Amino acid sequence: MGADKHTGDLRGHVVLRMCGKAANPLITQMAARLARAFHGELRGLFVEDEDLLALAALPFAAEISLSGGRARALSVDMIEREMRHAGTLMQRLFSELEQTAKISARLETIRCSAREALGRVGGQMGILVLGEPLRASGEQILSPITDLAGVLMMGPNVKSSTGPIAVLLEPGAQVAHLVDTAERIAADSDNQLLIVIAAAGTAEAGDLEQASLGALDVGTRYKLEHIAAADAIPSRIRQHHAGLLVTRLGSSLTRDLPQAARIARLLECPLLSLR
């Protein structure tokens with residue numbers, strides 16, 4: 001797992017996208033951990049969402065609370081003030097991250113739609129970190145991206161945790177890639193690695209176990225568990241108070257981004273889905 005093995009690794013190119021609001025501190029910290037673990041840079045993309053500003057310009061525009069009990073009128077001036085305030089907070093946070101996380105971190109503010117923003121990043125994307133819950137049409141955000149190693153997202157129930165870094169292995173998975181990713185993140189903060197194997201057949205489970213153990217570095221602290229089906233993973237992850245779950249985008253659990261977003265809402269930790 002030496003650093004020279006991962007020179008130019010796309011997993012070290014971390015882009016944190018925020019659409020008009022400051023990102024949750026927990027997702028920002030995890031983004032910084034990814035950049036540090038893979039010797040890369042954290043790039044913040046603060047989007048002053050033109051779609052939201054256009055909505056605020058409508059005479060009937062209002063924001064309604066989730067309970068439906070409160071509402072407030074929206075205006076372009078109000079939204080712009082809130083965006084500027086959030087952008088200032090994130091700029092301060094990124095400056096602090098360079099010192100505390102010992103990574104290269106920079107923040108860029110652009111005004112366009114949330115989808116267009118990713119098309120303007122240019123170069124290698126690597127890991128895309130979503131600073132806000134994924135929208136229903138979230139699968140469309142991948143279309144302008146040519147180089148994407150994975151997507152990191154979180155649901156509303158995410159909590160701070162120093163628990164293990166969990167990786168889910170299913171038949172057909174790129175075992176070495178998944179295990180290596182989770183192992184490097186775990187090693188960055190001296191966390192235990194939790195390997196969860198989801199396979200119905202004994203032979204498949206055995207093959208996955210052998211492959212995962214063969215991918216581990218000597219001295220890695222790990223725990224290995226078996227489950228009958230991948231849909232049991234959210235409850236198992238909660239039991240272990242995991243700090244992160246690593247899966248494969250395209251697997252039965254996270255077959256696409258909307259499905260990954262639904263799983264993220266069931267978890268109390270961030271979800272990293274790798275391509």
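This passage walks through the fold of one predicted protein model, from the whole chain down to single residues.

The model is predicted, so local features need a pLDDT of at least 70 and side-chain atom pairs count only at pLDDT 80 or more, while totals for chains, interfaces and linings use all residues. Residues are numbered from 1 along each chain as its sequence is written, and side-chain values use heavy atoms, with hydrogens and water left out.

The secondary structure of the protein chain comes to 8 helices and 12 strands. Here helices (H or I, at least four residues) and strands (E, at least two) are DSSP runs, numbered from the N terminus. Of the 275 residues in the chain, 50% count as buried. Buried means under 20% relative accessible area, exposed means over 50%, and partly exposed lies in between (1.4 Å probe, protein chains only). Among contacts between residues at least 6 apart in sequence, 74% join residues at least 24 apart, where contact means heavy atoms within 4.5 Å.

The 25 residues of helix 3 (residues 76-100) should span 36 Å at 1.5 Å a residue, and the end C-alpha atoms are 36 Å apart, which agrees. The expected span of a helix is 1.5 Å times one less than its number of residues. The buried residues of helix 3 include Met78, Ile79, Met83, Met90 and Phe94. An α-helix has 3.6 residues a turn, so residues three or four places apart point the same way. Just after helix 3, lysine 102 takes a positive phi of about 55°.

Helix 5 has 14 residues and reaches 20 Å from its first C-alpha to its last, close to the 20 Å expected at 1.5 Å a residue. This helix is mostly covered, with 10 of its 14 residues buried; among them are Val175, Leu178, Val179 and Glu183. What do the buried residues of helix 5 pack against? Their partners are helix 1, strand 8 (165-169), strand 9, helix 6, strand 11 and strand 12 (271-274).

Helix 5 (residues 175-188) and helix 6 (residues 202-215) pack at an angle of about 50°, with their axes 9 Å apart. That makes helix 5 oblique to helix 6. Axes are lines fitted to C-alpha atoms, for helices over the stretch in contact, and angles run from 0 to 180 degrees between N-to-C directions. Angles under 35 degrees count as roughly parallel, over 145 as roughly antiparallel, 65 to 115 as roughly perpendicular and the rest as oblique. Helix 5 passes helix 6 in a right-handed crossing; a crossing is right-handed if the near helix is turned clockwise from the far one by less than a right angle, and left-handed if anticlockwise. At the meeting place, Val175, Ala176, Val179 and Glu183 in helix 5 meet Leu208, Ala211, Ser212 and Ala215 in helix 6.

Threonine 220 lies in the loop between helix 6 and strand 10 (222-227) and counts as partly exposed at 23% relative accessibility. The backbone oxygen of aspartate 217 lies 3.2 Å from a polar atom of the threonine 220 side chain.

Threonine 247, in strand 11 (residues 244-248), counts as buried at 1% relative accessibility. Its side chain makes a polar contact with the side chain of serine 273 (3.2 Å). Leaving aside neighbours within four places in sequence, the contacts of threonine 247 include Leu168, Leu178, Leu253 and Thr254. Leu253 and Thr254 are also touched by glutamine 259, not counting residues up to four places away in sequence. Glutamine 259 sits in helix 8 (residues 257-266) and is buried at 12% relative accessibility.

Two loop residues complete the picture. Most residues other than glycine have a negative phi. Histidine 39, in the loop between helix 1 (25-37) and strand 2 (41-49), has a positive phi near 55° and is exposed, with a relative accessible area of 58%. Aspartate 190, in the loop between helix 5 and strand 9 (193-198), likewise has a positive phi near 55° and is exposed at 59% relative accessibility.

Note on methods:
Polar contact = N/O pair within 3.5 Å; in protein donor to acceptor, adjacent residues only side chain to side chain.
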